[in-house]
Amino acid sequence: MNKIFIMPLLAIIAVTASCGNNKEKSGDEQTGSSANPFTEASKLAYQTPAFDQIKDDDFQPALEQGMKIQLEEMQKIADNPDAPTFENTLVAMEKSGQMLTRTNNVFSALTSGNTNPKLQKVQEEIAPKQAAHQDAIYLNSKLFKRVQAIYDKREQLKLDPESKRLVEFYEQQFELAGAKLSDADKTKLKKLNEEEASLSTKFSNLLLAANKAGGILFSDKAELAGLSSGELDAAAQDAKANKQEGKWLISLQNTTQQPVLRSLTNRATREKIFKASWNRTEKQDANDTRSTIVRIAKIRADKAKLLGFPDYASWKLQDQMAKTPAAVDAFFAQLVPAATAKAKAEAADIQAQADLEKGGFKIQPWDWDYYAEKVRKQKYDLDENQVKPYFELNKVLEKGVFYAANLLYGITFTERHDLPVYQKDVRVFEVFDKDKTTIGLFYCDYFKRDNKSGGAWMSNFVGQSKLLGTKPVIYNVCNFTKPAEGQPALISFSDVTTMFHEFGHGLHGLFANQQYPAISGTNVARDFVEFPSQFNEHWALNPQVFKNYAVHYKTGELMPQVLVDKIKKAATFNQGYNLTEILAAASLDLAWHKIPASAPLQNTDEFEKASLHQLKLDLTEVPPRYRTSYFSHIWGGGYGAGYYAYLWTEMLDDDAYSWFEENGGLNRVNGQRFRDMILSKGNTEDYGKLFREFRGHDPKIGPMEKNRGLTTK
């Protein structure tokens, strides 16, 4: 399964808080320039961004003004002569920073999904300022004393459960940020935070440039034998867009392996594409990321030491469901032996297939997908090109993703053509609850562009909050290949699963039902946030849902049952490879973030090799899903020491889905229970407690092992 990521929720109040209808605006916000669209909340439905009025030049002044306003608001709270109360401190903090929030929500969306050199320049300039802004709040001693005073007497305040959770949340966030450090150590921490923010932004921009520059141009169509006519047309269109008419451009996808490798018959072409992917950021050119990575890792280790922890991972995991690196290591220990054993067995099958064809070579990473596809056809008689005509993107969205959500939760969708978008391919839907009341808006942006970061993600333009009177405005972004003009967008079943995955995040955001923005919706731990999204993937193959969207784009005929059965039977095929590549990436992430501050600087390549060898994940044919040098999740995406979350939450989602299997499957009653007990809870309760109350026990790894084909139990 293609586990991908949502955009990171920046750990600053200004971003986790939502913009809203709070009437108590500061003087600066009231008198701000009306020419800047971020000065006040948008007048459009749900306060959704007025993209037709937003210009690149609006962002830097709005971000700087927004930070200035919020710091004034926070200082006013800190200087309040009245004794600290929940209302005059925490509620006031929750109402702060609304201009900054609405600006940053749009800025983050565009710099990741539709960027340009001007926005990248702003991004690089603003990143250290945002880090300093965060520190100015969390390292404010007077402000922390007020938070601490409320925390110390929280049991006597007779707060409702959500309000009590907010008290505990803020106290922990201040401590994690270094509020208890000495003034001298706070000064050191601020410098480290600013440098890290700058370097993370630099890494993201280097990677985007490396991905674009790493595309492989072909002049001879014969070298691309095996690609479908649609794939060839798309490659020709990409080449034309890059002023290389008459040629074919294969753009790099986010991961190590590239989708075209499963089809290309020319081994030299496969090797060329794989190596372009593998070495994209290691060419000792302007886009080489390695020195930046080494410095980020060192900064994080130094921060952890300053904060009193042996390493960054130990510091980072405190507020996660796992709590400690040791818990993650123990979890991995249950998976690595079975995953690698299965991968080795798969490698033997693939080598046998190559030998059968008298290949005369030992299987290399660039051969795996090509021969795996042959083995899959042989074992399951399943050809990817057979199934793609049944997965037309718009049909999958409306008759699959939306249809499943309607069956489970009773919600409906109406497309809006009257709201401005930031790019012509973006679509907007209004979402209605079962009683026809409005829930919010859903934007989707599915096609790859050179100015879009790799991968797929979900985030908010507007967050939900009863306190601020706002409803959620959600967006999903993916990187599917855009078809040639006039052609249908036919996608793989892996892409179908990605759409269900990202919309699972969307449901988590849409069903948010919190008073306070900081703990609303998807503002939860990394190793819990992927639970709803991965859970939603299960409905892609539900018979009732599947037959509603899997219809031939030309004939309208349902996918033949024999082909459906092949997809289901092949579900555990290649899972040894898939699990091992993810385990390798997740283990690399944890290894980088368990380096103590006293350790010497690491060579990225040597450290990667040594770490994988030590963990017994150094299978030649199975490279990590993300190599250190282009691992955007952990160096630029907020997942440092957190990439394990995809596998951890897979354990949660498979176990939760087994509850559905035991209790009648897909129906409104079960859907409502999941919505009420998981999707609508935000960060209002302990994650372990939430799961136990839904499932009836702590998460068990058995269903995950079964779904991965690692066991038959």
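Modeller: Let's start with strands S4 and S5 (residues 438–447), which pair in the antiparallel sense over 6 bridges. Strands here are DSSP runs of E with at least two residues, helices are runs of H or I with at least four, and both are numbered from the N terminus. Two strands count as paired if DSSP finds at least two bridges between them. Within this pair, Val-431 stands opposite Gly-440 in S5. The hairpin of S4 and S5 has 5 residues between the strands, and there Lys-436 takes a positive phi near 75°.

A word on what you are looking at: this is a predicted model, in which local features need pLDDT of at least 70 and side-chain atom pairs count only at pLDDT 80 or more, while totals for chains, interfaces and linings use all residues. Residues are numbered from 1 along each chain as its sequence is written, and side-chain values use heavy atoms, with hydrogens and water left out.

Stay with S4 for a moment, and look at how it is covered. Of its 6 residues, 6 are buried, where buried means under 20% relative accessible area, exposed means over 50%, and partly exposed is in between (1.4 Å probe, protein chains only). Both faces of S4 are covered: Arg-427, Phe-429 and Val-431 are buried on one side, and Val-428, Glu-430 and Phe-432 are buried on the other.

S4 (residues 427–432) also pairs with S3, in the antiparallel sense, over 4 bridges. Here Glu-415 has Phe-429 in S4 as its bridge partner.

Now step back to the whole sheet. It is an open sheet of 5 strands in the order S3-S4-S5-S7-S6, and the pairing is mixed. Strand S3 (412–415) and strand S6 (457–462) stand at the edges; each has a single partner strand, so one side of each is left without a neighbour in the sheet. From one strand to the next, the twist averages 30°, an angle taken between axes that are lines fitted to C-alpha atoms (for helices over the stretch in contact), on a scale from 0 to 180 degrees between N-to-C directions.

S6 is joined to strand S7 (residues 473–480) by 5 bridges, and the two run antiparallel.

Cys-444 is in no disulfide, and the nearest cysteine sulfur, that of Cys-478, is 8.9 Å away. Cys-444 counts as buried, at 2% relative accessibility. Cys-478 is likewise in no disulfide, with the sulfur of Cys-444 as its nearest, 8.9 Å away. At 0% relative accessibility, Cys-478 counts as buried too.

Charged contacts come next. Side chains of opposite charge can pair when their charged atoms come close. A salt bridge is a side-chain nitrogen of Lys or Arg within 4 Å of a carboxyl oxygen of Asp or Glu, and by this rule the count comes to 50 salt bridges.

Asp-425 counts as buried at 18% relative accessibility, whereas Lys-482 is partly exposed, with a relative accessible area of 29%.

Another salt bridge, for contrast, is formed by the side chains of Glu-195 and Arg-295, at 2.9 Å from N to O. Glu-195 lies in helix H9 (residues 183–213) and Arg-295 in helix H12 (residues 290–306), so the pair ties together parts that are 100 residues apart in sequence. Glu-195 is partly exposed, with a relative accessible area of 30%, and Arg-295 is partly exposed at 31% relative accessibility.

Methods. A disulfide is a pair of cysteine sulfur atoms within 2.5 Å.
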